[in-house]
Amino acid sequence: MTDKIEYPMLPEPRTVRLRFKKTGALQYISHLDLQRSFIRILARAELPLWFTQGFNPHPKLVFALPLAIGTESVCELADIRIERDMPCDEILKRLGTASSGGLEFTDCYVPSAKFAEITGTEYTITLELGEDDAKAFSEKAFETLTSSPIVIRKRTKSGEKEVDISGMISRLRIDRKRGNVTINAVLSAGEGNTLNPENLLDALRAATGLPDAETEYSCMRLKMLCKDGAEFR
Amino acid sequence: MFSSSMLKSISKPGRYAGGEFGQIIKDPAAVDARVAFCFPDAYEIGMSNLGMRILYGVLNREENISCERVFAPWIDMEDKMREKKVLLCSHETGTPVKDFDFLAITVQYEMCYTNVLNVLELSGIPLRAENRDDSFPIVIGGGPCSYNPEPIADFFDLFDIGEGEEMLPEIVRLYAEMKKKGCTKHEFLLEAARTIEGVYVPGFYDVTYNGDGTVRAYTPKYEGVPAKVRKRIVKDLDTMYFPDKVVMPYIECVQDRIMLEVFRGCIRGCRFCQAGMIYRPVREKAPETLLKQAKCLYENTGYEEISLTSLSISDYTKLRELTDGLIEWTDEKKVSLSLPSLRIDSFSRELMEKVASVRSSSITFAPEAGTQRLRDVINNNVTEEDLMRSAGIAFSAGKEQVKLYFMDGLPTETNEDLEGIAHLAEETVEEFYRTPGHSRRAPTVTISVSCFVPKPFTPFQWEPQATMKELIEKNNYIGSCIKSRKVRYTHHDAKVSHIEAILALGDRKLSAALELARSEGFRFDAWDEFFDYDKWMAVFAEAGIDTAFYANRRKADDEILPWDVIDCGVTKEFLLRERNKAYAEKTTPSCREKCSGCGAACLGGKDICCPSAGNKGEDR
Ligand code: SF4
């Protein structure tokens, strides 16, 4: 055991929010696999987890917004519940030794806001297109993403359907630096109204043929935002 | 290294991404020898293998050796690799496999042989050892299939026969020393074959055959190369290296749990079971060792389940001490215990309560054969009464599903034995209704039947496998005997078992067929969706292989068998004696009741149940 201090029991289990980065190799781990791995990280960290009662006790673990495979993030949030009064910096320290490079815990605090208050997510998408394609692409991309409607086929719980995503994109910025094009945008988030970078790329593929199977590109989630545009905590 | 565009365009990219907690990355410039350790199947299968976990740790523990993992890429990734001409790389550093000093492949089942060849091909390494010059890695084989490595012998430079914890580092250390002196691959292999027990270099033997295709002789080509290679065992399991740190896969694997190895070997001696023979003698770990290791593994993994993995776990002499000790802390941590290999005759309410997860409503037993007569033939030593008693315990505890494992096609089997399978299942259903306090739901008894495959180093190694036609008839006959609608029946594909028998019992002549199979694009034959029996038979025909010669022929008692070049401790005399007792329907007591002089005691070992080595002069 890393530590033998017995932290006092709390009168009520306490919800604690963890902020973490999911980058590099970890971008290829699905949300489901991450959830399962998280439980083991929490166990390795020997946090005083509160378990649900009943037949199949399990720790409480809720993620703010699932992250699609192939997208990195520096702003992930998850809530856990503890039953002993372990300080947040101790939790953070323990998580640090229980996780590996691509999964890095950066903050831990007692939350005041609910995940349901998240309405948008800021992403940056970088495409390595080469000088030849970059200019034409960035112009066309701007035109495409600022037009209305933008119709894509989106997978939903009830099968594929066509949706107009033009109202789900805001604060769009497209930069070009040599052969690399960077798309920065806030995409809407929240129950039934979530737009992923891959959806955006689908729209661009339909309009420009890029990115294709050969294109190297990366997607990064930068911030989760509240309705007023401030970063969600 | 696989590019991100490749990883983004395939299924389950987590198989290739690496980055797991616990992986060991060393600076290639800072080590003397680099080993690529390959499990030739999908990542989630390979990461579940305890042997790989152990050997990865044991090699990386050596300061001047690095060991990295390699798996068979799934078919979508393979297509990409071939299309983009990307070579197979290691997980840890993305180094092409062909740039390593060693490629060590653990060969766990016959149906992965085509994957072994595909891994070589995707690594840019010539398949046959004779076609590889000193610039290629030395290809080492190990694992259960190395007890008859002959069908794949031409593709390997060296096999390590037996347990690798000590042998594999010895091999790599010797290499590192000799490499510094500028020795050639040939010089290294010769030195290894001469000085390291357990090392088998197939290229160092002349193999001749008789006119009828049977083996005439194996003759070492060089002085000092052993005529028979004796398997290595680790003598003391308590002091043996054990992997306290485990690489933690992010994606779901077959074994997502702590695998606690309690002992090696098996005291039982079922006559069809290869594992029960080749892992002799039984060596146990002390409960104190195991309790310490379990705790340590939990702290380093966070897994929510501990599986006690050994053959026939209930034969562990200190099982109660172990489970009691574990339960002291596992309950509080919500960690569950599982015992995957419970024997019917040792099943008890107490044991079930300790291990059963509350959710699981089903329990599995393996009577193996349908009648007492045939169970005596195979030396399974379980009675119908045992089964009914055990099933009754499970039913009275509220379970309503029982799974029963059987084999068909066993030596001396008649229709009566097959009828017995249906009878046992139906009796189990009856037992449910006879049991006071049974669940209100209707019971289901599932029988799962696999086809007998004769395996090297078993008393049945001389037996022919039933023909395909017979196997299919047997499978159907069992189905026709089942009257109860509460009995469900599944059986393995006889076709797979047939190919398995050919490969398990084969000699070096099969390598041509395997090469041909590979050139026809075979791989992942252990996966139903890729296995194609007709294509296999066509390949054998084209290679001029008489499959019946290997699978369906009764071998003469004095025939030289392809695997006779290996000495696994258990003697041929013992195996023959056991075979004859099988014919006489006589059972053999377990090693703990009475030593039967199998020969394995000569290998030594701490805390073994054998009388001290040498006592059984009659066998050696
Ligand atoms: S020597 Fe005797 S006790 Fe030891 S494994 Fe063989 S039969 Fe069993």
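Ala, Val, Leu, Ile, Met, Phe, Trp, Tyr, Cys and Pro count here as nonpolar, Asp, Glu, Lys and Arg as charged, and the others, Gly among them, as polar. The model is a predicted one.

Around the ligand stand Arg280(B), Cys591(B), Cys595(B), Ser596(B), Gly597(B), Cys598(B), Ala601(B) and Cys610(B). Sorted by class, this shell holds five nonpolar residues, two polar ones and one charged one. Because Cys and Ala count as nonpolar, Cys591(B), Cys595(B), Cys598(B), Ala601(B) and Cys610(B) belong to the nonpolar group.

The structure contains six cavities of 30 Å³ or more. In the largest cavity there is about 130 Å³ of space. Its lining is made up of 17 residues, and those nearest the centre are Leu50(B), Phe242(B), Pro243(B), Met259(B) and Leu297(B). Three elements of chain B, namely helix H3 (50–60), strand S10 (258–261) and helix H9 (287–301), supply at least two lining residues each. The largest share comes from S10(B), with four residues. The classes in this lining are 12 nonpolar, two polar and three charged residues.

The second largest cavity has a volume of about 100 Å³. The residues that line this cavity are Gly46(B), Met47(B), Asn49(B), Met52(B), Arg53(B), Tyr56(B), Arg69(B), Pro243(B), Lys245(B), Val246(B) and Val247(B). Helix H3(B) contributes the most to this lining, giving three residues. By class, the lining of the second largest cavity has six nonpolar, two polar and three charged residues.

Chain A remains to be described. Chain A has four helices and 10 strands, and along the sequence they follow the pattern β-α-β-β-α-β-β-α-β-β-β-β-α-β. Taken along the principal axes, the C-alpha atoms of chain A fill a box of roughly 65 × 35 × 30 Å. Chain A has 233 residues, and 50% of them count as buried. Of the contacts in chain A between residues at least 6 apart in sequence, 74% join residues at least 24 apart. The accessible surface of chain A is about 11,500 Å², and carbon and sulfur atoms account for 50% of that surface.

Note on methods
Residues are numbered from 1 along each chain as its sequence is written. Chains are lettered from A and ligands numbered from 1 in the order in which they are written. This is a predicted model: local features need pLDDT of at least 70, side-chain atom pairs count only at pLDDT 80 or more; totals for chains, interfaces and linings use all residues. Side-chain values use heavy atoms; hydrogens and water are left out. A residue is near a molecule or strand if one of its heavy atoms lies within 4 Å of it. On a 1 Å grid over the protein atoms alone, a cavity is a set of points where a 1.4 Å probe fits but cannot get out, and a pocket is an open set with protein on both sides within 12 Å along at least five of seven lines; lining residues have an atom within 4 Å of a point. Grid points are joined across faces, edges and corners, and a volume is the space filled by probe spheres set on the points. Buried means under 20% relative accessible area, exposed over 50%, partly exposed in between (1.4 Å probe, protein chains only). Contact means heavy atoms within 4.5 Å. Accessible areas come from the Shrake-Rupley method with a 1.4 Å probe; for residues, only the protein chains shown count as cover.
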